[in-house]
Amino acid sequence: MMRRNFYTAFFAAGITLVLTCLMVGVKLTSEGTELRVVGATATQWTWIFSGIAIVFLSQLFRDQISAATAGIPRPSLDKILPAESVRSRLKPWLIAAAIVGLIIWPFMVSRGAVDLATLTLIYIMLGLGLNIVVGLAGLLDLGYVAFYAIGAYTYALLSNYFGLSFWICLPIAAIMAAIFGFLLGFPVLRLRGDYLAIVTLGFGEIIRILLNNWTSITGGPNGISGIEKPTLFGLEFNRRASEGGTTFHDFMGIDYSSSYKVIFLYLIAVVLVLAVLYVINRLMRMPVGRAWEALREDEIACRSLGLNRTVIKLSAFTIGASTAGFAGCFFAARQGFISPESFIFIESAIILAIVVLGGMGSQLGVILAAIVMTILPELAREFQEYRMLLFGLLMVLMMRWRPQGLLPSKRPHMELK
Amino acid sequence: MSQLLLDVNALTMRFGGLVAVNGVNLQIKNRQIVSVIGPNGAGKTTVFNCLSGFYIPSDGSVLFKGEQIAGLKDFRISRKGLVRTFQHVRLFSSMTVIENMLVAQHRHLNTNLLSGLLKTASYRRLEQESMDRAVYWLEQVNLLSFANREAGNLSYGQQRRLEIARCMVTQPELLLLDEPAAGLNPNETKQLDELIVRLRDEHEISVLLIEHDMSLVMGISDHIYVIAQGTPLADGTPDEIKNNSDVIKAYLGEE
């Protein structure tokens, strides 16, 4: 036993040595025109070797350690949360309180915090949309960011070339994304699992490369800048009104502040997220929500019962895509500048990570995971280059501790009274 | 004139060079229980797959209520009123029993997204109707008290009954049962026997049955077809089949 543990401990320590030496032990610094490799300082070496020692010892004595920690009770959600009946009575009040809190909150905190919250809300929207496709319908989509890009570019181009406003473009962007979802879905939804993942991955890249190379229309890698911000019933949030326009602060008779715009964008995002949440909540209780789950469980049985699987899968794909279209349109309006750089594969991966971390199919879980995934990298900014390392550590711990996701939950099941 | 509910002529299914089903004929009238028997690997399930649209037959015609259905998509055939079960139970096992029943009625429900989002009157009425139908059929198979259980947690016999109820709730005219008694104990088999007879007598549907349990088959069938190695061997009433020397030879080998 001890002998086997010794080998694994030795191996783990070796991997730690290689990884830390590469990431922490050597550094590139620029001196004048050339780059030089610099070794770590003595204190850093002490840290590296003590880290390796810890890994070695914890692996060597892992049986003893796990025996010692077995007595510690694991946190259980069921014990912390009140009983089911109490929860269902409290639910409407909690939701109301959350909405009121979301609306009041931005007036009390800094501009940066509101801005970060807006970004989080965009990821929540994306997570909720992908959750329909992956979590509920069980279709692994690795190119989800393509629909996000389509939504963003729809608004940017329509606004740039035709001067259409944000509010008109919002449904158009969702419809465009849905159309692309439909076009992609129609041929590929007969594929399953890995094959579907590969095709969607390819689709995501095709859209990005197309945007990158269609310079005459999309501006290629330079992107599109100066996208108009949303207005409130025609009121602008700029310092000076554009020709024939009125600004918000003039209309209200208050002084100009740049934070109005940030708060306004935040509030739009809140409204969009609430709308998406409501729609998805209803969908899950509707026949189509049941059919998604049934199709994920047993496709052959569904076919034998007269369910048209193509239509049902397409509906999941299209609804998911249109949510991303919404999010993309809003993203373009918030940033004022978009380029293909914003829609690379890693974005798809992050959105998928949000869905998986949250617990597939769970809406609250997706929201929590989106918050964690956007706020954590910001909080960890002071760790500079170790930021992604921390991020990775979190993911590994998460998979170790709660492989089923933060809040795994099922679709609300219909009950017979 | 008694029109045939199902009229299968010279049904042939080839997989490459292998002829799995060769020139099978079947005739089913309204309110009849018809069985297909034959040794293992005779091609009985292949016949079922051809009838229900899971395979497209290589040759021959399948007339259901006088209409050609060979080559139609599986879900279209089941919507016409020809619904099947499977040799191995195929339930939506992590969904509740009542939800299994509701999924089966998907096409009877108002699946318009907008009316569902707004909970319109017609949406609620259809949802209620399908709920009532589900309750009715759960009662028929003695599963009403299990309605809120997860389907995967039911006993095997209950799962079998739920599968039949789930088919019946789609309001079929012809039910194809693929070895419904496999794995059931004698008591459960007897219940199944009664259920199938009741489906014919009270609910006025026809049943096409594949089964190895000879006492069940002989007891309830109006007509029996025997298939051996993909080709039709004999057909007739249970008594005729019991005394047919070819059938005895196929099952027991030659003396």
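**Figure 1. The buried side of helix H5 of chain B in the predicted model.** The buried residues of H5(B) are B:Tyr123, B:Glu127, B:Ser130, B:Ala134, B:Trp137 and B:Leu138; a residue is buried if 20 or more other C-beta atoms, placed from the backbone, lie within 10 Å of its own, exposed if 12 or fewer, and partly exposed in between. These residues lie on the same side of H5(B), because they cover an arc of only 105° around the axis, the arc being that of the directions from the helix axis to the C-beta atoms. They pack against helix H3 (97–104), helix H4 (113–118) and helix H6 (156–168) of chain B. The face turned away from the buried side carries the exposed residues B:Ala121, B:Ser122, B:Arg125, B:Gln128 and B:Asp132. H5(B) comprises 20 residues (121–140), which at 1.5 Å a residue should span 28 Å, and the 29 Å between its end C-alpha atoms agrees with this; the expected span is 1.5 Å times one less than the number of residues. After H5(B) comes B:Asn142, with a positive phi near 60°. Helices (H or I, at least four residues) and strands (E, at least two) are DSSP runs, numbered from the N terminus.

Residues are numbered from 1 along each chain as its sequence is written, while chains are lettered from A and ligands numbered from 1 in the order in which they are written. In this predicted model, local features need pLDDT of at least 70 and side-chain atom pairs count only at pLDDT 80 or more, whereas totals for chains, interfaces and linings use all residues.

**Figure 2. Helix H8 of chain A and the helices that cover it.** The 23 residues of H8(A), residues 166–188, should span 33 Å at 1.5 Å a residue; the end C-alpha atoms are 32 Å apart, in agreement. Among the buried residues of H8(A) are A:Phe166, A:Cys169, A:Leu170, A:Met176, A:Phe180 and A:Leu184. The cover over the buried residues includes helix H7 (145–162), helix H9 (193–213) and helix H15 (309–335) of chain A.

**Figure 3. The hairpin of strands S1 and S2 of chain A.** Strand S1 (residues 26–31) and strand S2 (residues 34–39) pair in the antiparallel sense over 6 bridges; two strands pair if DSSP finds at least two bridges between them. A:Lys27 has A:Val38 in S2(A) as its bridge partner. Between the strands there are 2 residues, and in this hairpin A:Gly32 takes a positive phi near 65°. S1(A) is hardly covered, as the count of buried residues among its 6 residues is 0.

**Figure 4. An open sheet of 4 strands in chain B.** The strand order is S2-S1-S4-S5, and the pairing is antiparallel. S2 and strand S5 (67–68) are the edge strands, each pairing on one side only. Strand S4 (residues 59–64) and S5(B) are joined in the antiparallel sense over 2 bridges. In S5(B), B:Gln68 is the bridge partner of B:Leu63.

**Figure 5. The surroundings of B:Ile28.** B:Ile28 lies in strand S2 (residues 18–28) of chain B. B:Ile28 counts as buried because it has 21 C-beta neighbours inside 10 Å. Leaving aside neighbours within four places in sequence, B:Ile28 is in contact with B:Leu4, B:Leu5, B:Leu6, B:Val34, B:Leu174, B:Ser206 and B:Leu208; two residues are in contact if their C-beta atoms, placed from the backbone, lie within 7 Å. B:Met13 is 15 residues from B:Ile28 in sequence and 20 Å away in space, C-alpha to C-alpha.

**Figure 6. The contact between chain A and chain B.** Chain A gives 23 residues to the contact and chain B gives 27 residues. On the side of chain A that touches chain B, the elements giving two or more residues are helix H12 (258–285), helix H13 (287–297) and helix H14 (299–304). H13(A) provides the largest share, 7 residues. By class, this side of chain A has 12 nonpolar, 4 polar and 7 charged residues; Ala, Val, Leu, Ile, Met, Phe, Trp, Tyr, Cys and Pro count as nonpolar, Asp, Glu, Lys and Arg as charged, and the others, Gly among them, as polar.
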